[in-house]
Amino acid sequence: MAKTICVLGLGYVGLPTACMFAVQGHRVVGVDVKREVVETVTKGDIHIDEAGLKTMLQAAINSRNLVARTEVEPADVFIIAVPTPLTPDKRADVTCVERAARSIVPVLARGNLVILESTVPPGTTSNLLCQALSESGLKPGSDFHVAHSPERVLPGNIFSELVSNDRVIGGITRESAEIACELYKTFVEGEIFLTDATTAEMVKLVENTFRDVNIALANELAMIAAEKGVDIFEVIAIANRHARVNVHQPGPGVGGHCIPVDPWFIVESANDAGTLIKHARDVNDSVPERIVEFVQRVVGRDDTRISVWGVTYKGNVDDTRETPAVPIVKGLKDRGYQLGIFDFHAKHFECELDSLEKAVTGAHAILLLADHKEFRYLDPEEIGQRMRRRIVIDTRNCLDPRKWKDAGFEFYLLQKKL
Ligand code: SAJ
């Protein structure tokens, strides 16, 4: 049965989710505190880059099932999809969740369902969220339902993953989980696992922590392999052919708003445990500085210009949140390098972005940080003609070394000269 759904937060998760529910026939009110986001969405335009999002948004708007507002409206279901960033002392900043919950209080009615999709430390749904909603005078679990259903979609592939991924739904009561499950079944084709709210919170954190610790292992192995003169990407590719091995990829550091953040939510609630998780975080955070030192060793220092390619946190997205490119660019600038910075997708970055032509002209070396697929199709000869020296440092195993070496480039794959 069609429901009225209020989605709070029209970002990478909230907007695609709002669109999905709208095209399935639910009446959706998308709410964002930023007026410009509401205006953009209302026009059928997008403020974030995600494959298929614009088409989906226009379908949702044309169906007349989606409207965008700056204020919460009465609804059957409220879905909170707001950011939960890190505080400077590496704890979860849940202010936006709290504010979103408080904005629901005046319109909350008996029988409503409130779902938290934002990633939060274990216990947040049952404690902070329920307490905030209780200010309505209604009792969570009996007068209205509350569930945590963490988003688990991969930026760049959101629409297909929203549908095909398995989902975990943790209710503060079994009934809360079951009612939320019925709703998500509108479009979820993956399996839906029902559990309690704190378990669901922990599941989400464990997934991203697994990834972070695994990437830290890859980054540590990359340093060891470099000392041995071994290509770490080849080592991992062969090791991963073993049926029970899945080592992730090393790179210039770990970015995005999830993987470098979520492990801290476990560490903060772990008292004295969590040392391995913290160490992995520190390993990954130390990678950008190592990259800067390596650049210095390869290209030297005097009056040198580096062409930095790709500043997003990973390839084929426009997102520069928590990107390792920030500390790398800062480290290079602090050492006096001149930089030309180019990205195929990023719209915002700490420093001004250049055209590709400007970024390579007069450069002594290219430092590739984000593996956008477009980089693979560039002509090394054309690029080389504009440069003062022909050096490439590919931190992502993105380029075809043969092509670049044939064009006279000295080619480094992470720290290994090929
Ligand atoms: N990275 C590596 N090596 C790898 C994989 C990734 O260095 O082998 C780097 C990336 O370049 C990037 C960072 O790690 O800088 C994170 O990228 P990612 O693709 O691992 O993760 P996100 O942040 O784009 O999305 C993750 C996903 N989580 C998992 O796959 C377990 C996604 O499903 C979650 O929904 C998302 O976090 C989230 O919102 O939590």
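Predicted model: local features only at pLDDT ≥ 70, side-chain atom pairs only at ≥ 80, totals over all residues.
Let's begin with where the ligand is. It sits in the second largest pocket. Domain 1, residues 4-199, and domain 2, residues 230-417, both give residues to the shell around the ligand, so the ligand lies between them.

Now, who are the neighbours? There are 21 residues around the ligand, and those that come nearest are E151, V153, R211, Y313 and R396. Which helix gives the most to this shell? That is helix α8, residues 197-228, with five residues. By type, the shell has eight nonpolar residues, eight charged ones and five polar ones.

Next, let's zoom in on some oxygen atoms of the ligand. In the side chain of R396, an N or O atom is 2.6 Å from a ligand oxygen. N208 also takes part through its side chain, with a polar atom 2.7 Å from an oxygen of the ligand. With R152 the backbone is involved: one of its polar backbone atoms is 2.7 Å from a ligand oxygen.

And how much of the ligand does the protein cover? On its own, the ligand has 760 Å² of accessible area, and the protein covers 89% of that.

Notes: Residues numbered from 1 in each chain as written. Heavy atoms only, no water. Near = heavy atom within 4 Å. Polar contact = N/O pair within 3.5 Å; in protein donor to acceptor, adjacent residues only side chain to side chain. Areas by Shrake-Rupley, 256 points an atom, 1.4 Å probe, with all protein chains shown as cover. 1 Å grid on protein atoms, 1.4 Å probe; cavity = no way out; pocket = protein on both sides within 12 Å on 5 of 7 lines; lining within 4 Å. Sits in = over half its atoms within 2 Å of the grid points. Helix = DSSP H or I, 4+ residues; strand = E, 2+ residues; numbered from the N terminus. Nonpolar A, V, L, I, M, F, W, Y, C, P; charged D, E, K, R; others polar. Domains from an automatic or database assignment.
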